[in-house]
Amino acid sequence: MKALICKYKGLIESVLSLSTLNMLNMLLPLLTMPYILPIVGPVKYGIYSYVYTVVQYLLLFSCYGFAFSATKQIARKRDDLAAVSKIYSDVTYTKLLLAFVGILLGFILSPFLFKSEELLIFIWGIGIVIGD
């Protein structure tokens, strides 16, 4: 058993690290909400949640499953540096193109989706899409 753990030590550490990170990503909003809600008020928190949801849809559109498909392709060709570089650059350019199209679509639809205060928050939220 000890030999098996030593053999897969890196994998076990990665799984535990990612599990801890995902758990914190779920728990942190639940822990901070009782503090934030009385400060900003339910109406402004609702506006933030609505705009954040729209931004998350744009992020989902721009990511397009590349986290799985690109990882799989890179894992298959990990020894060929030129192929890995090409996959990385292709995915990056495609994500930029999809993000640009999504942001453009968001601005075109913004008069139907947002009021003026919500539009400002949406513009700030676009940084999340660009940053990914």
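Reader: In what order do the elements of the protein run from the N terminus on?

Author: Happy to start there. This is a predicted model, where local features need pLDDT of at least 70 and side-chain atom pairs count only at pLDDT 80 or more, while totals for chains, interfaces and linings use all residues. Residues are numbered from 1 along each chain as its sequence is written, and side-chain values use heavy atoms, with hydrogens and water left out. Helices (H or I, at least four residues) and strands (E, at least two) are DSSP runs numbered from the N terminus; the protein has six helices and zero strands, and the order is α-α-α-α-α-α.

Reader: What is the radius of gyration of the protein, and how does that value sit against the globule rule?

Author: The C-alpha atoms fill a box of roughly 60 × 35 × 15 Å along the principal axes. The radius of gyration is taken over C-alpha atoms, and the globule rule is 2.2 Å times the number of residues to the power 0.38. For 132 residues that rule gives 14 Å, so the protein is more spread out than a compact globule, with a radius of gyration well over that value, at 20 Å.

Reader: Which share of the contacts between residues at least 6 apart in sequence joins residues at least 24 apart?

Author: Contact here means heavy atoms within 4.5 Å. Among the contacts in the protein between residues at least 6 apart in sequence, the share that joins residues at least 24 apart is 69%.

Reader: How are α5 and α6 oriented, roughly parallel or roughly antiparallel?

Author: Axes are lines fitted to C-alpha atoms, for helices over the stretch in contact, and angles run from 0 to 180 degrees between N-to-C directions. Helix α5 (residues 81–113) packs against helix α6 (residues 116–131) at about 170°, with the axes 11 Å apart. Angles under 35 degrees count as roughly parallel, over 145 as roughly antiparallel, 65 to 115 as roughly perpendicular and the rest as oblique. That makes α5, relative to α6, roughly antiparallel.

Reader: How do the residues of the contact of α5 with α6 divide into nonpolar, polar and charged?

Author: From α5 come A99, I103, G106, F107, S110 and L113, and from α6 come E118, L119, F122, I123, I126, V129 and I130. Ala, Val, Leu, Ile, Met, Phe, Trp, Tyr, Cys and Pro count as nonpolar, Asp, Glu, Lys and Arg as charged, and the others, Gly among them, as polar. The division is 10 nonpolar, two polar and one charged.

Reader: Is Y64 buried or exposed?

Author: Y64 sits in the loop between α3 and α4 (66–76), and its phi is near 50°, a positive value in a residue other than glycine. Buried means under 20% relative accessible area, exposed over 50%, partly exposed in between (1.4 Å probe, protein chains only). At 60% relative accessibility, Y64 counts as exposed.
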